[in-house]
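Please look over the notes below with the model open. They cover helix packing first, then backbone geometry.

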Amino acid sequence: MTNRPAAGQDTRDEVPGADLSRPSIARVYDYVLGGKQHFEVDRRAAQSIFDALPDAPLLARENRHFLRRGVRYLVAEAGIRQILDIGSGLPTEGNVHELAHEVAPDARVVYVDNDPGVLAHGRALLGRDPSTAVITADLRDPDSIFGNDAVGRLIDTGEPYAILLSGIVQHLGDDEDPYGIVATLRDRLPAGGYLLLSHFLDDDEPRAKRLERGFLQGGLGTGRFRTWDELRRFFDGLELVEPGLVYANDWHPDAATPTDSPVHTLCAGAIGRKD
């Protein structure tokens with residue numbers, strides 16, 4: 001297999017509240033990205049993804065690189081100092097708050113995930129950092145996010161802030177009203193706020209359908225590839241930052257961005273600004 005990550009150790013006592021009877025999106029991504037916070041159930045789910053596309057780890061990594069470039073743009077060029085990272089996943093190298101603080105030490109970040117393991121590991125990473133918090137809440141319930149005390153303390157919703165939806169909306173099925181959920185989040189942004197979104201792309205090639213089946217049938221039961229037109233709908237009413245909605249590696253590439261990636265056409269992303 002190409003770029004296959006190594007298996008970690010099963011350390012159940014380190015993830016209080018984790019449901020180990022089923023795979024977790026956060027833990028599967030952690031495994032694919034080469035992390036250590038995953039279990040056999042997650043590795044089995046990842047196997048079906050690798051079987052469908054051996055280069056799947058590259059897709060996860062390139063999505064992560066897009067997120068990092070996007071955060072740097074938001075903080076360094078757009079002047080954003082408040083970030084709400086929804087569906088953040090487990091901590092990994094180059095976390096959002098670390099990237100933001102390299103540019104602006106006063107930037108405030110709230111990580112949101114519905115996996116209790118993210119809360120446990122995130123708090124261990126952050127310690128007593130007053131500018132950053134981790135909360136357990138679900139993308140499907142925006143009120144649970146904005147009603148959280150940590151969000152109220154760190155995010156002034158009357159001032160511009162950014163919402164990050166990096167590789168998470170693709171795990172909402174069509175029957176879960178993904179466009180309504182994202183619209184609710186867009187509506188909460190004030191003028192000058194930003195939405196970053198990256199997503200699996202169905203660019204009319206067989207690999208997308210094959211990998212989608214790997215996600216759906218491998219235990220995760222979630223992982224939707226959407227077309228260009230479907231992805232554009234998530235940015236309705238926003239002004240897209242140049243170059244618009246493009247393949248993830250084509251968005252503000254830097255020296256670390258692959259130029260000949262075999263998964264180039266399987267992920268797209270954009271940042272939109274609310275006027």
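1. Arg-123 and Ala-124 are exposed and sit on the face of H5 turned away from its buried side. Here buried means under 20% relative accessible area, exposed over 50%, and partly exposed in between, using a 1.4 Å probe and protein chains only. Helices (H or I, at least four residues) and strands (E, at least two) are DSSP runs, numbered from the N terminus.

2. Basis. This is a predicted model, in which local features need pLDDT of at least 70 and side-chain atom pairs count only at pLDDT 80 or more, while totals for chains, interfaces and linings use all residues. Residues are numbered from 1 along each chain as its sequence is written, and side-chain values use heavy atoms, with hydrogens and water left out.

3. Helix H5 spans residues 116-126, and its buried residues are Gly-117, Val-118, His-121, Gly-122 and Leu-126. They lie on the same side of H5 because they cover an arc of only 145° around the axis. The arc is taken from the directions from the helix axis to the C-beta atoms. Their cover includes helices H1 (25-32) and H4 (96-103), plus strands S2 (108-113) and S3 (132-136).

4. H2 against H9. The axes of H2 (residues 40-52) and H9 (residues 206-217) come within 8 Å and cross at roughly 165°. Axes are lines fitted to C-alpha atoms, for helices over the stretch in contact; angles run from 0 to 180 degrees between N-to-C directions. H2 and H9 are therefore roughly antiparallel (angles over 145 degrees). Their crossing is right-handed, meaning that the near helix is turned clockwise from the far one by less than a right angle.

5. Contact residues. Ser-48, Ile-49 and Ala-52 of H2 meet Arg-210, Leu-211, Gly-214 and Phe-215 of H9. Contact means heavy atoms within 4.5 Å. The residues of this contact divide into four nonpolar, two polar and one charged. Ala, Val, Leu, Ile, Met, Phe, Trp, Tyr, Cys and Pro count as nonpolar, Asp, Glu, Lys and Arg as charged, and the others, Gly among them, as polar.

6. Backbone checks. Most residues other than glycine have a negative phi, and most peptide bonds are trans. The Glu-242 to Pro-243 bond is cis, with omega near 10°; Pro-243 is in the loop between S6 (239-240) and S7 (246-247). Asp-204 has a positive phi of about 60°. Asp-204 lies in the loop between S5 (194-200) and H9, and is exposed at 74% relative accessible area. His-252 has a positive phi of about 45°.

Technical notes:
Angles under 35 degrees count as roughly parallel, over 145 as roughly antiparallel, 65 to 115 as roughly perpendicular and the rest as oblique.
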